[in-house]
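Please keep the view open while you read.

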Amino acid sequence: QKVTHSLCNQFMESRACLSRATTCFKVEKIKETSVFRSTTTQGERFTFTRMAQQPLLSLPEFHNVSTGALVVTEPLNFWGGARVKPKDTKNSEPVYEPATGRVLCDMIPCGEEEVDEAIKSAHSAYLKWSKLSGMERARIMLEAARIIRERRDEIARAEVANNGKSITEAQVDIDVAWQCIEYYAGIAPTLSGQHIQLPGGSFAYTRREPLGVCVGIGAWNYPFQIAAWKSAPALACGNAMVFKPSPMTPVTAVMLAEIYKEAGVPDGLFNVVQGGAETGGLLCHHPMVAKVSFTGSVPTGKKVMEMAAKGVKQVTLELGGKSPLIIFKDCELENAIKGALMANFLTQGEVCCNGTRVFVQREIMPQFLEEVVKRTKVISVGDPMCEETRMGALISKPHMEKVLGFIKQAKEQGAKVLCGGERFVPSDPKLKDGYFVSPCVLDNCRDDMTCVKEEIFGPVMSVLPFDTEDEVLQRANNTTFGLASGVFTRDIARAHRVAENLQAGTCYINNYNVGPVEVPFGGYKMSGFGRENGQVTIEYYSQLKTVVVEMGDVESFF
């Protein structure tokens, strides 16, 4: 029998086998065309795997995505190097496009059997990946970064459809993602231990080793970026990862999984399981999981920590915030105003480290409010796919109603709405059911108001006056959160003094919401622990082994 040209293409990955198959092949289809077994006339059997699926980004519906046009029907679970159809669709949940309110796709949660399959797939890949040198891992990660960079705009458009943020912001998010992978690719070959000389010529050394299978649980405000932030250091250290996106943003993490596969990671190294709290619980409890990294709310973070504790698993928690931004009268006012806008209105205010408590020294309060309100009123709200749009839609209708409820309560408690704070209906008919809220500035706020104490996670800036440095530091730190903080002043001594005394994992001086991947990010207090980004994160995705070498005789008491 003659081997056809098309079949030869499928078998090109195993040329050695082809060269031995001198007479004929018997080919049998295994599992839906993705795996083929071949038998030569000499009785040798070989298994060939080929891509039976087109990656999501190559499908026609993902080409130049526009608002209201994308419908995703492909399965969104991914393990073993391919998208996997759900076993049970009875718990399917609709996922809505924030800008239009229409159904984008269905999220079908994974059950116990599927979670187990994904984790076992990850463990199998880990055994291969962990044996590669850091340089070998780096080459593959750099290729993944290159692919993301090349497809940045298409990924960003899919992110906008699923998340609602502006295309301008989404493009930056994708850039941050490939930069993160590139950064940790650079670190991978440098991972090393320490040599310790002991008496008598004996010595000890340390080895930095991977943990095994890590679980990443992402949030809906930065779906693709968070998947990169969690996977890049994990993979650089030699781990595998099973990632669960937010059930409201299930799409783009699958694109990252497919890009890793295309770059050359072992099948199963980065897997995606869909689901909500129940699926997350299955991941946290699974005995083959070594670490859980969670981004989300404080209540859910507490549950993740409790579940992981039962298996003594390592945990990183990046939780909520109610961060203070302190603006002194000696600041460069133009920069302070821009900083306050960046600290409150990025991603429609759905950012955990936003500086939503803006403390302004009393002497400059009138000028500050006048200019902030003026600029807030002209923020372009609307179709997030349009380049000129600066604020898109909130993630869901319930969340939109929650944000509007906070604003209503603030007014009842005595706050004054200087602008915005209402549901916004764009003129474009296709956006009439979208989840838009006009950006809001609240004056006449007090520290005991709900809008000042609780995380709103929407485009709401609460402005509060202060008089002295000591006073504002006490007020700024009077919160259970401690994710971020900021200070604007020309006094360099004051800037560093305030930064030292603010109880937060990050303090911005004369800027806000900048996040280079080289810089660690994480919280104090109930904003969590552990870090993402920066060199220190390697410590959270690896473990240290000490080896003691005796070069002489054993001294014994017995």
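Axes here are lines fitted to C-alpha atoms, for helices over the stretch in contact, and angles run from 0 to 180 degrees between N-to-C directions. Helices (H or I, at least four residues) and strands (E, at least two) are DSSP runs, numbered from the N terminus. This is a predicted model, in which local features need pLDDT of at least 70 and side-chain atom pairs count only at pLDDT 80 or more, while totals for chains, interfaces and linings use all residues. Residues are numbered from 1 along each chain as its sequence is written, and side-chain values use heavy atoms, with hydrogens and water left out.

**Confidence**

- The protein has a mean pLDDT (the predictor's confidence in each residue, from 0 to 100) of 92, and 91% of its residues reach 70 or more.
- Residues 1-51 have a pLDDT below 50, and this stretch has 70 contacts (heavy atoms within 4.5 Å) in the model beyond near neighbours in sequence.

**Helix α6 and its two partners**

- Helix α5 (residues 152-163) packs on helix α6 (residues 167-187) at an angle of about 125°, and their axes are 8 Å apart.
- The two helices α5 and α6 are therefore oblique to each other (angles under 35 degrees count as roughly parallel, over 145 as roughly antiparallel, 65 to 115 as roughly perpendicular and the rest as oblique).
- On the α5 side the contact includes Arg 152, Ile 155 and Val 160, and on the α6 side it includes Ile 167, Ala 170 and Ile 174.
- By class, this contact of α5 with α6 has 6 nonpolar, 1 polar and 5 charged residues (Ala, Val, Leu, Ile, Met, Phe, Trp, Tyr, Cys and Pro count as nonpolar, Asp, Glu, Lys and Arg as charged, and the others, Gly among them, as polar).
- α6 also packs with helix α7 (residues 223-236), at an angle of about 5° and with axes 9 Å apart, which makes α6 roughly parallel to α7.
- Among the residues that meet here are Ile 174, Cys 180 and Tyr 184 in α6 and Phe 224, Trp 229 and Pro 233 in α7.
- The contact of α6 with α7 has 12 nonpolar, 1 polar and 1 charged residues by class.

**The seven-stranded sheet**

- An open sheet of 7 strands runs in the order β17-β18-β19-β16-β15-β20-β21, with mixed pairing (two strands pair if DSSP finds at least two bridges between them).
- β17 (416-419) and β21 (506-509) stand at the edges with a single partner strand each, so one side of each is left without a neighbour in the sheet.
- From one strand to the next, the twist averages 25°.
- Strands β15 (residues 324-327) and β16 (residues 357-361) run parallel and are joined by 4 bridges; Pro 324 has Arg 357 as its bridge partner in β16.
- Helix α11 (residues 333-345) lies across β15, β16, β18 (440-443), β19 (460-466) and β20 (484-488), and runs at about 135° to β19.

**Antiparallel pairings elsewhere**

- Strands β6 (residues 93-96) and β7 (residues 103-107) run antiparallel, joined by 4 bridges, and Val 95 has Cys 105 as its bridge partner in β7.
- This β6 and β7 pair forms a hairpin with 6 residues between the strands, and Gly 101 in the turn has a positive phi of about 80°.
- Another open sheet has 3 strands in the order β8-β9-β23, with antiparallel pairing.
- Its edge strands, β8 (195-197) and β23 (542-549), each pair on one side only.
- β8 and strand β9 (residues 203-210) are joined by 3 bridges, and Gln 197 has Phe 203 as its bridge partner in β9.
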